[in-house]
Amino acid sequence: MDPALIAPANASLLGIPAKALFILIPLVGIGVFAYILKHRIAPLLRAAPDFRFNRYPERIRAVVKVWLAQWRHPRYLLAGVLHIIVFFGFLTLAARSTQLVILGFVDEFTLPGFSGVFGHLYSMLKDYAGTAVFICAVILAVRRLAFKPARYAVPERYGKDHTPEAIFVLGLICTLLLSESVFDASLVAAQSAQNQPTHFLSPLTLGWFFRHAFAGASLPTLQGLHLAAYTIHDLTFFFFLCFLPMGKHFHVITSLFNVFFMRLDTGTVKPVRHGVDESKLDELKSFGVKKFEDFTWKHMLDFYSCADCGRCSDRCPANRVQRPLSPRFISIKARDRCFQLYPLWGQKAAESDALIGGIYSEDEIWSCTTCGACEQECPLGIEYIDKMVDLRRGMVDEGMVPQSLQKPLSALEKRGNPWGKMEKKRADWAAAVGDGCRVKLFEKGEAAETLYFVDSITSYDDRMQKIAQATARILCAAGVDFGVLGKDEKDSGHEVRRFGEEMLFQALKEHNTETIQAAEVKRIVTSDPHAYNALKKDYRDLPPVQHISEVIVDALGSGKLKLTPADNGSSKTYVYHDPCYLGRHNALYDIPRQAIDAIPGIRRTEMSGDCRDRSFCCGGGGLMLFYEPEEEMRMGVVRVKMARDAGADVIVTACPFCLVNIEDAIKVAGLEGQMEAVDLSELIDRHIQR
């Protein structure tokens, strides 16, 4: 039986075999794509090193969870679900697209394994997948044009709006789906017209609708539609392939690799330069990122992988309060610079301007609190904290340090604390701990199994000293044998490192490490999440580190610690604020809540949508207390309003920096007397059954 229509591989165009055209299109398309990709890879080969070829099982799990399962997309429900449908639709249609390309020069080609029952099942699945993707693409286009979310907006200072590119790509997707459907439907309509066995088209799909629309059309019309649809699909497919590396849709290609090489450990900071030992840092001629090639190849891959979805900036507290920072444009501006430096035609352009003062401003980079909200939200594993730290390292190396930070950094170098207070006063808070609790001092030769690492703010700030005293009383009540380093302790250096002063951090770390090792303790406890993160993630060769919340829950579980009923429990509602470096960076979400809930009769609520890994940064954090950026509203005020909207009277946190900012924000928001803030240690201390 003759075929109902002439297949593309057997057709002629103006007397020339169409097969020649359908071989030429993929050859040219693949050639152009390879040429573009070669130029896109070029900057990665000139970039700074980055060691990511390790821990393969964990990386494969990350790919399965973050890339394949689209784990983070539903955090923005509508856009997330639509993207998941498009993503899995494309995965499903990949086999059909490959088959269609080859059908242009091999008649009746079928992919190996795609015949028989499996082939019929796949055909049905791809019909519905294509229809679903088409519907989603239309919804996404309407959403972009008519209901554009604020996170898609591009402020004038950042360049042009990217909506036209997004609409253009959605148009290409729709063209691919419609042309494939017309190609299939025209053949089935011709088969039906000639009473031949027809290929199955799944009901209520695009192909099914076109097949009914073509009923009664002449064979020449169907033949023309068949060949035209194939040609349009072939041209669109390879044009789309070559267009992807030209802008934000490059993530379609790079996202798999970006997720595979994503950072596996939160709370860490990359070394100054991979492959250079910390003991040899003084041999480096330059620190940090000053020009584009100073970024690592992974960070350049980040720039390529940014989907411009705006999720990072939408959750960024600095962006929320109108500081001059939007994480999204950290990536986009760098990608634009990359395309400028490495054009597709001609030689590499000379980098005339430094990054700072060129595409980035000083205030933009200093505005970041390193809270990690942007990284937690990104569905493609893009990293920002390491880039910000590396840019700051470059700025510090060039002497570009904000005036307000110069004094605390100098004091840290001279006195080991940002206030420049005397070392001998570091443990003065211990005198007011109270009867029945003695704080041992390692500086006086006393010994203990546990070290309470207090850190600077809790040692010197009059208000925060109450946290240290409450922590000491909790340790005593729990029967913990502990002591403090006193004048021998220096700042953990957590913020010093994240503000780009690497050599100062190394000096602080070396001193503290030697002092702690000399104390011969079996574990370290701290009430400061920043110290907790530094000792756990930035230091090496130390005993296990615990936050005081972990000690509390362990003591409650063993019965060593018992709590009395809540004061005013029936009239006050408590809410827990997750500190960034306890929650997002160290995943301690449940333990502090367990400690609060262990108080009999306490009533606790949640800041729904803004808690746990979506907690909103207080804006404090070490040296941020000294830096005064331009902002529309304090981050702490935004956070206090979130707590008030949740119906809370008392905000409980577990970080001295958070307590400073939140207490101050309550006053600024005009809520003094209506709301209060308390540290977890203070709250537990009030309810210890002694």
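Reader: How does the lining of the largest pocket divide into nonpolar, polar and charged residues?
Author: There are 30 nonpolar, nine polar and seven charged residues in that lining. Nonpolar here covers Ala, Val, Leu, Ile, Met, Phe, Trp, Tyr, Cys and Pro, charged covers Asp, Glu, Lys and Arg, and the others, Gly among them, are polar. The model is predicted, so local features need pLDDT of at least 70 and side-chain atom pairs pLDDT 80 or more, while totals for chains, interfaces and linings use all residues. Residues are numbered from 1 along each chain as its sequence is written, and side-chain values use heavy atoms, without hydrogens or water.

Reader: What volume does the largest pocket have, and which residues lie nearest its centre?
Author: The volume of the largest pocket is about 1400 Å³. Its lining comprises 46 residues, and H83, V86, F90, H251 and V252 lie nearest the centre. A pocket is an open set of points on a 1 Å grid over the protein atoms alone, with protein on both sides within 12 Å along at least five of seven lines; a cavity is a set where a 1.4 Å probe fits but cannot get out, and lining residues have an atom within 4 Å of a point. Volume is the space filled by probe spheres on points joined across faces, edges and corners.

Reader: Which helices supply that pocket lining?
Author: At least two residues each come from α3 (77–103), α4 (116–146), α5 (163–193), α7 (219–243) and α8. The largest share, ten residues, belongs to α3. Helices (H or I, at least four residues) and strands (E, at least two) are DSSP runs numbered from the N terminus.

Reader: What does α8 pack against?
Author: The buried residues of α8 pack against α2 (56–68) and α9. Those buried residues are H251, T254, S255, N258, V259 and F260. Buried means under 20% relative accessible area, exposed over 50%, and partly exposed in between, with a 1.4 Å probe and protein chains only.

Reader: At what angle do α8 and α9 cross?
Author: The axes of α8 (residues 251–260) and α9 (residues 297–305) cross at roughly 140° and come within 8 Å. Each axis is a line fitted to C-alpha atoms over the stretch in contact, with angles from 0 to 180 degrees between N-to-C directions. On the α8 side the contact (heavy atoms within 4.5 Å) involves H251, T254, S255, F257 and N258, and on the α9 side K298, L301, D302, Y304 and S305. By class, these residues are three nonpolar, five polar and two charged.

Reader: What is the phi of T370, and where does T370 lie?
Author: T370 has a positive phi of about 55°, although it is not a glycine. Most residues other than glycine have a negative phi. T370 sits in the loop between α13 (362–366) and α14 (373–377), and is buried at a relative accessible area of 3%.

Reader: Is D455 buried or exposed?
Author: D455 is buried, at 4% relative accessibility. Its phi is also positive, near 70°, and D455 falls in the loop between β4 (450–452) and α17 (456–460).

Reader: Finally, how many helices and strands does the protein have?
Author: There are 26 helices and eleven strands. Of the 690 residues, 57% are buried.
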